[in-house]
Amino acid sequence: MPYLTEPVLPPGTLSGTTQPTVPTKDGLLLRPWRGGDAADVYAAFQDPAMHQWHARAADSLEEVGVWIEEWVADWGREASAQWAVVESESGLLLGRVALREIHLADGQAEMAYWTTVGARGRGVAARATAALARWALDDIGFHRLELLHAVRNEASCRVAAKTGFALEGTKRSAVLHPDGWHDMHLHARVRDSEGNS
């Protein structure tokens, strides 16, 4: 049975190219992950705040090395796309930004991010999210990007608001965190009929 619509983005949209480096134009760089990032990622995941809002913990450098291998391979699978967020000049790791749950045929993906302790309060998550959203919507042609965060995570709500992700509603008891089930705010950005985000 044929579909009545064409895919928004065809297979190979991502995997047919090399994963790009995306500058924020204000001192940050989104770059593909490298094996040498493992120690910095491991250190970031020792922060109690990471345990509050994430389902994973990092028990060893070896475990984090496997994560990074998966993040690099994700580009070819087109199921997610992951970037390290670094300072443009020093290369210091400040966080991660990603497109998860990619559905090319529907032109949709979910935005995700985290920042290191030293990066917080500097607008890093918002700057990285804005740059990746511009790339995904304007350069690649995604139609809709969603952003989910625990209702109690007020910092993530501020990032969503600053980067143009409109609040669409609350998903009740939607995600299990270490302290129990959390209601989640659902935000989204959508391209208009002229292709503007």
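# Briefing: helices, salt bridges, cores and sheet

Helices (H or I, at least four residues) and strands (E, at least two) are DSSP runs, counted from the N terminus. You are looking at a predicted model, in which local features need pLDDT of at least 70 and side-chain atom pairs count only at pLDDT 80 or more, while totals for chains, interfaces and linings use all residues. Residues are numbered from 1 along each chain as its sequence is written, and side-chain values use heavy atoms, with hydrogens and water left out.

**Helix 3**

- Helix 3 (residues 61-77) has 17 residues and spans 24 Å from its first C-alpha to its last. That is close to the 24 Å expected at 1.5 Å a residue, where the expected span is 1.5 Å times one less than the number of residues.
- Val64, Trp67, Ile68, Trp71, Asp74 and Trp75 are the buried residues of this helix. Buried means under 20% relative accessible area, exposed means over 50%, and partly exposed lies in between (1.4 Å probe, protein chains only).
- These buried residues pack against helix 1 (38-44), strand 3 (81-87), strand 5 and helix 4, with contact taken as heavy atoms within 4.5 Å.

**Helix 5**

- Helix 5 (residues 154-162) buries Ser156, Val159 and Ala160. They sit on the same side of the helix because they cover an arc of only 100° around its axis; the arc is that of the directions from the helix axis to the C-beta atoms.
- As background, an α-helix has 3.6 residues a turn, so residues three or four places apart point the same way.
- Glu154, Ala161 and Lys162 are exposed, on the face turned away from the buried side of helix 5.
- The cover over the buried residues of helix 5 includes strand 5 (108-115), helix 4 (124-140), strand 6 (144-150) and strand 8 (180-190).

**Salt bridges**

- A salt bridge here is a side-chain nitrogen of Lys or Arg within 4 Å of a carboxyl oxygen of Asp or Glu. By this rule there are nine salt bridges.
- One of them joins Asp47 to Arg120, with their closest N and O atoms 2.6 Å apart. Asp47 is in the loop between helix 1 and helix 2 (48-53) and Arg120 in the loop between strand 5 and helix 4, so the pair ties together parts 73 residues apart in sequence. Asp47 is buried, at 12% relative accessible area, while Arg120 is partly exposed at 34%.
- Asp74 pairs with Arg77 at 2.7 Å between the closest N and O atoms. Both lie in helix 3, three residues apart, which is about one turn of the helix. Asp74 is buried at 11% relative accessible area, whereas Arg77 is exposed at 51%.
- Glu146 meets Arg144 in a salt bridge of 3.0 Å, N to O. Glu146 is partly exposed at 23% relative accessibility, and Arg144 is buried at 15%.
- Arg144 and Glu146 also belong, with Glu168, to a network of salt bridges.

**Nonpolar cores**

- A nonpolar core is a set of buried Ala, Val, Leu, Ile, Met, Phe, Trp, Tyr and Cys residues joined through side-chain atoms within 4.5 Å. The largest has 34 residues, of which Leu99, Met111, Phe142 and Leu145 touch the most other members.
- At least two residues of this core come from each of strand 2 (28-31), strand 3, strand 4 (93-103), strand 5, helix 4, strand 6 and helix 5. Helix 4 gives the largest share, 10 residues.
- A second, separate core has 15 residues, among them Ala38, Phe45, Ile68 and Val86.
- Leaving out residues up to four places away in sequence, Leu145 has contacts that include Leu99, Met111, Phe165 and His187.

- Eight strands make an open sheet in the order 1-2-3-4-5-6-8-7, with mixed pairing. Two strands pair if DSSP finds at least two bridges between them.
- At the edges are strand 1 (22-23) and strand 7 (166-177), each pairing on one side only.
- Strand 3 pairs with strand 4 in the antiparallel sense over six bridges. Ala84 has Arg96, in strand 4, as its bridge partner.
- His185 is in strand 8 and is buried at 14% relative accessibility. Beyond its neighbours within four places in sequence, His185 is in contact with residues including Leu147, His149, Cys157 and Thr170.
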